[in-house]
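Subject: Structure handover and notes

Dear colleague,

Below is the structure I said I would pass on. My notes on it follow.

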Amino acid sequence: SAVVIRLAAATMSFAFAASPDQKIISDLQTLDKLSEGQLEQLVGLTFDTLTTGRLPEEQIAAFAGEHGIKPKPLKDILRGLIFFLSESLKKNLSSESIVSDMTKIGIDAKKSERIGSLWKTTFTKLAQTMKEKTLKVNQLVDLQWKFGVTASSDSLQQVNTCFLQLKFVINTGNKTEDVLMEMTLPQFYKFLQQMEQAQRQCAAYT
């Protein structure tokens, strides 16, 4: 029965997440109530959201109106599907793993296969889009540094030792974020050596 399937899914481990929140599982289980056409359309909306980074509000409203579904429950289902597919994308899951997870959740075998098929045809494009987004939103905007000397410490060995403070300013997409780092001189020299090796490898590919 549906109750047994829901209880079983709550105790299972999945490829997309070891122990996902029960709300996510519950939202995903609602997919089984949709027709194959509705499911395919909703999965398409999810792919659009992952590609653009924002919920397609107008398309959601149109889908809700066309199929007589209230917008709030529809958004819950969509967010569950977005979480499922985005986590699957991070883990580079195969279409077989998608089908397996959907079946475990309680989705009809035929619908699970359809979701797996849509994933297989869209995965490469999604992966490329996510890669480009990551490169764009995690760009280094500025780097600031300064040397300091430890004036006091619980350990006498650390007094009068030099250290380096770094501040990375990162573009996270809609804002910048400061990432602070402090290193001893030996750590800095090791870091510098690794950066020089990275520079040589980059030069070899250009």
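This is a predicted model: local features need pLDDT of at least 70, side-chain atom pairs count only at pLDDT 80 or more; totals for chains, interfaces and linings use all residues.

Overall make-up

The chain has eight helices and three strands. Along the sequence they come in the pattern α-α-α-α-α-α-α-β-β-β-α. Of its 206 residues, 32% count as buried. Among the contacts with a separation of 6 or more, 55% are between residues 24 or more positions apart.

Helix 3 and its partner

Helix 3 covers residues 36–52 and packs with helix 4, residues 57–67, at an angle of about 170°, the two axes being 11 Å apart. The two helices are therefore roughly antiparallel, since angles over 145 degrees are put in that class. On the helix 3 side the contact is made by Gln 38, Gln 41, Leu 42, Leu 45 and Asp 48, and on the helix 4 side by Gln 59, Phe 63, Glu 66 and His 67. By type, the residues of this contact are three nonpolar, four polar and two charged.

The length of helix 3 agrees with expectation: at 1.5 Å a residue its 17 residues should span 24 Å, and its end C-alpha atoms are 24 Å apart.

With a relative accessibility of 34%, Glu 40 counts as partly exposed. Leaving aside residues up to four places away in sequence, Glu 40 touches Arg 114 and Leu 118. The C-alpha atoms of Glu 40 and Lys 111 are 8.9 Å apart, although 71 residues separate the two in sequence.

In soluble globular proteins, nonpolar side chains tend to be buried together. Here the largest nonpolar core has 34 residues, and Phe 16, Leu 28, Leu 31 and Leu 42 have the most contacts inside it. Two or more residues each come from helix 2 (22–29), helix 3, helix 4, helix 5 (71–90), helix 6 (95–105) and helix 7 (109–137). Helix 5 gives the most, with eight residues. A second, separate core has six residues, among them Leu 164, Leu 166, Ile 170 and Phe 188.

As for Leu 28, its contacts beyond four places in sequence are Phe 16, Gly 80, Leu 81, Phe 84, Met 102, Ile 105 and Ile 107.

Two further residues

Gly 148 lies in strand 1, residues 139–149. Is it buried or exposed? Its relative accessibility is 16%, so Gly 148 counts as buried. Not counting residues up to four places away in sequence, Gly 148 touches Thr 161, Cys 162 and Phe 163. Its C-alpha atom is 7.6 Å from that of Gln 165, which is 17 residues away along the chain.

Asn 92 is in the loop between helix 5 and helix 6. Most residues other than glycine have a negative phi. Asn 92 has a positive one, near 55°. Asn 92 is exposed, with a relative accessible area of 55%.

Regards

Conventions. Residues are numbered from 1 along each chain as its sequence is written. Side-chain values use heavy atoms; hydrogens and water are left out. Axes are lines fitted to C-alpha atoms, for helices over the stretch in contact, and angles run from 0 to 180 degrees between N-to-C directions. Helices (H or I, at least four residues) and strands (E, at least two) are DSSP runs, numbered from the N terminus. Angles under 35 degrees count as roughly parallel, over 145 as roughly antiparallel, 65 to 115 as roughly perpendicular and the rest as oblique. Contact means heavy atoms within 4.5 Å. Ala, Val, Leu, Ile, Met, Phe, Trp, Tyr, Cys and Pro count as nonpolar, Asp, Glu, Lys and Arg as charged, and the others, Gly among them, as polar. The expected span of a helix is 1.5 Å times one less than its number of residues. A nonpolar core is a set of buried Ala, Val, Leu, Ile, Met, Phe, Trp, Tyr and Cys residues joined through side-chain atoms within 4.5 Å. Buried means under 20% relative accessible area, exposed over 50%, partly exposed in between (1.4 Å probe, protein chains only).
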